Amino acid sequence: MSPGLPGFLAANRISLAMSSYQSGKFYLLGQNVDGGLMVHERFFRKAMGICVSSKDTLLLATLFQIVKFHNTLEPGQQINNVFDACYVPREIHVTGELDAHDIGVLKDGRTVFVNTLFNCLATPSDRHSFTPVWKPPFISKIVKEDRCHLNGLAMQDGVPRYVTAVSKSDTIDGWRDRRADGGIVMDVASGEIVAEGLSMPHSPRLYRDRLWVLNSGAGEFGWIEPGTRGRKAKFRTLAFCPGFLRGLAFHGNYAFVGLSRPRYQRFEGLELDRKLAKTDSEPWCGVQVIDLDTGACVHWFRLDGPVGEIYDLGVVPGVIRPMALGFASNDILGLITHGPLEDTALPA
């Protein structure tokens with residue numbers, strides 16, 4: 001990590017949530033009590049999309065479940081004399097294996113997620129695996145075929161605004177032949193393609209009146225400049241990051257960008273290869289903090305070793321040392337909390 005990263009997180013009173021589907025890890029990063037970096041991890045099979053709906057509520061898409069965590073600590077409380085937030089999985093929707101990617105929360109509190117296997121946006125269902133709520137106009141039917149590799153979701157005020165896809169293919173696995181330049185950004189309300197020609201774009205986000213996107217196959221972080229007077233919209237690069245980019249969040253004047261080491265059997269031949277060679281660089285796995293004014297990387301966190309891929313990340317506001325509980329250890333058996341006694345009459 002960069003030497004100043006823990007202090008930067010503490011000074012901004014934030015922590016980071018990060019997912020790695022390859023390792024099945026859900027990470028929480030903050031500043032430890034001794035001033036160093038705290039990395040807390042829990043195992044969730046195929047940890048994918050993250051939504052930080054508030055400082056007390058996190059959502060995580062996994063292999064076959066949507067998990068909602070709630071912070072069980074009251075303001076000013078600590079657990080183990082260290083952690084100032086403890087996220088416990090309290091609600092779970094079993095969806096089956098849908099290859100769920102990005103995730104968000106609608107105005108009415110329902111969860112919405114990118115159902116990549118069925119090429120649509122969906123909500124969990126009490127009866128079924130999911131309820132489709134939107135599909136791209138070029139997708140002819142809701143079918144179990146990953147055709148366009150729909151992946152990213154930009155929410156605004158509880159409304160899905162934009163999505164990203166690797167292509168506009170309408171045949172099974174058709175997106176794999178369009179990885180180099182078939183990527184698109186779509187307006188959900190109109191169904192229009194607002195930007196195209198991208199390389200495997202991910203993680204669209206709206207921030208400070210701009211639509212930000214990761215042009216993943218080229219290692220580029222930037223925004224979509226709207227077209228005017230008949231001109232097409234353009235992707236404007238703010239920074240090159242040495243990795244396959246997925247996961248984007250913002251705080252203040254900074255962007256937090258997730259980097260992965262490419263799986264070359266699947267992602268070979270992309271622009272990222274040429275850019276890494278040109279800059280004499282090896283691909284990273286980790287997070288880079290980018291200054292939105294200059295495009296400079298001001299802080300970073302890097303994972304070496306067997307963990308090579310990150311999918312998503314989120315900024316958790318107002319929390320410095322978070323922890324979470326999972327299902328792979330017995331910790332969840334012993335942490336018992338309850339609310340106040342409700343003295344309202346029970347139904348007769």
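Me: In which loop is Asn119 found?
Reply: This is a predicted model, and in it Asn119 has a positive phi of about 60° although it is not a glycine. Asn119 is also buried, with a relative accessible area of 0%. The residue is found in the loop between β9 (111-115) and β10 (120-123).

Me: Is Asp157 buried or exposed?
Reply: Asp157, which is not a glycine, has a positive phi of about 55°, and its place is in the loop between β12 (150-156) and β13 (159-165). A residue counts as exposed when its relative accessible area is over 50%. With a relative accessible area of 67%, Asp157 is exposed.

Me: How many residues apart in sequence are the parts that Asp102 and Arg205 tie together?
Reply: The side chains of Asp102 and Arg205 meet in a salt bridge, at 3.1 Å from N to O. Asp102 lies in strand β8 (residues 100-105) and Arg205 in strand β16 (residues 202-207), so the parts tied together by this pair are apart in sequence by 103 residues.

Me: Which residue in β24 stands opposite Ser19?
Reply: Strand β1 (residues 14-20) pairs with β24 in the antiparallel sense over 6 bridges. Strand β24 (residues 312-317) is mostly covered, with 5 of its 6 residues buried. The residue of β24 that stands opposite Ser19 is Asp312.

Note on methods
Residues are numbered from 1 along each chain as its sequence is written. This is a predicted model: local features need pLDDT of at least 70, side-chain atom pairs count only at pLDDT 80 or more; totals for chains, interfaces and linings use all residues. Side-chain values use heavy atoms; hydrogens and water are left out. Buried means under 20% relative accessible area, exposed over 50%, partly exposed in between (1.4 Å probe, protein chains only). Helices (H or I, at least four residues) and strands (E, at least two) are DSSP runs, numbered from the N terminus. Two strands pair if DSSP finds at least two bridges between them. A salt bridge is a side-chain nitrogen of Lys or Arg within 4 Å of a carboxyl oxygen of Asp or Glu.
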